[in-house]
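Trainee: Hey, could you walk me through this one? I'm still new to reading structures.

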Amino acid sequence: MARIELKDVVKRYGSVEVLRDIDLDIEDGEFIVLVGPSGCGKSTLLRMIAGLEPITSGDFLIDGERMNDVRPRDRDIAMVFQSYALYPHMDVARNMGFSMEIRKDPSNERTSRVKQAAETLGLTSLTERLPKALSGGQRQRVAMGRAIIRDPRAFLFDEPLSNLDASLRVEMRLEIARLHQKLGATMIYVTHDQVEALTLADRIVVLNGGDIQQVGSPLDLYERPANKFVAQFIGSPTMNIIPVQGKSNGVKLADGALLELPHLFGTIDAVELGIRPEHIDVVEVGDLVGVADVVEHLGSDTNLYLQVEGLGPLMVREHGNIPVQPGDRVGLRIQSENVHLFGPDGNALRCHTNEAAA
């Protein structure tokens, strides 16, 4: 497998800088997920690693060897695209083994590799079918099988599940997770789906506007976002952001209420407070009072879209089915141990506990 390094990588199209100063080390066998809004450069970065886009400046290395000018076919990297790109006139077996066929590898070796890949992906009974006789999930498995057969140094996935319906996405997500566990291969995966990112990744790379905002484990990004962008991008539903005025012992909300944070210091610089919907409790008497605007009863959870006087809209997620209807007034308690504070530049304030300070 492969260790991949990107050092000060820049990508420009004319005068437009799409990616800048990208520094990223990917360990051998690591599963990295690139996420970010449309246009942030994540697919471009993947294509640069594959060799489908030239690197404007900087260095791209595989196992310490500079690969900037190496042809895509010689990088020994397999890519699975959003579209399946299967040959419609070839059956599953030939589609998977076609790269070996054009290299004129021995037919017995090709047959053995196809059989092994088909067993790995649950395609054994489908090897004689044409793509038109397959479901979307089965076609994506064939595309993955075609990549496996090459036995590459690394696998690249460019939003491979975006064309599938919800149930197939779950199924294929599990297939990819099992595949990584079985092969132990280096994998780089681009997606806009947070569930895919949070469940598949060893580490997530959050991109925005051509810059890396944060790199870390899914739990790190959820619990310790580096800035407001990451805080709102990671986690679904998105984090609530509330304007505040920093005080020595907490923060003052726009409605005048003081939210005491005695376990923190350094709150004086805070201008915004972030709190996830699942970290606000519905109580009889709380820090705030909201009026329910829209209520979504999901069975396992209830989403409340509230209007809070002096603060504006706020979203709350409660576990289970709670008896709240539009127009009801509800008390809200913010879980102070789960608040995130942001300074004027949008960066997270690392407010240490008083114990740690001592």
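Predicted model: local features only at pLDDT ≥ 70, side-chain atom pairs only at ≥ 80, totals over all residues.

Trainee: Okay, how many salt bridges does the structure hold?

Mentor: There are 25 salt bridges in the structure. Some join up: Arg3, Glu5, Lys7, Asp25 and Glu27 form a linked network of them.

Trainee: What's the N to O distance for glutamate 5 and arginine 3?

Mentor: Their side chains meet at 3.2 Å, N to O.

Trainee: And is glutamate 5 buried or exposed?

Mentor: Glutamate 5 is buried, at 10% relative accessible area, while arginine 3 is partly exposed at 27%. Buried means under 20% relative accessible area, exposed means over 50%, and partly exposed is in between (1.4 Å probe, protein chains only).

Trainee: Which parts does the arginine 153 and aspartate 63 pair tie together?

Mentor: That salt bridge is 3.4 Å, N to O. Arginine 153 sits in the loop between α4 (136-149) and β7 (154-158), and aspartate 63 in the loop between β4 (57-62) and β5 (65-66), so the pair ties together parts 90 residues apart in sequence. Helices (H or I, at least four residues) and strands (E, at least two) are DSSP runs, numbered from the N terminus.

Trainee: Switching topic: what domains does the chain have?

Mentor: Domain 1 covers 4-228 and domain 2 covers 237-357; such bounds come from an automatic or database domain assignment. Their centres, taken over C-alpha atoms, are 38 Å apart. Eight residues from domain 1 and eleven residues from domain 2 take part in the contact, meaning heavy atoms within 4.5 Å.

Trainee: How much area is buried between them?

Mentor: About 760 Å², with carbon and sulfur atoms giving 47%. Buried area is the accessible area (1.4 Å probe) that two parts lose on being put together, summed over both. In domain 1, Tyr222, Pro225 and Lys228 lose the most to domain 2, together 69% of what that side buries.

Trainee: How many salt bridges are there between the domains?

Mentor: One salt bridge is counted between domain 1 and domain 2. Separately, glutamate 272 and lysine 228 form a salt bridge, with their closest N and O atoms 3.0 Å apart.

How values were computed. Residues numbered from 1 in each chain as written. Heavy atoms only, no water. Salt bridge = Lys/Arg side-chain N within 4 Å of Asp/Glu carboxyl O.
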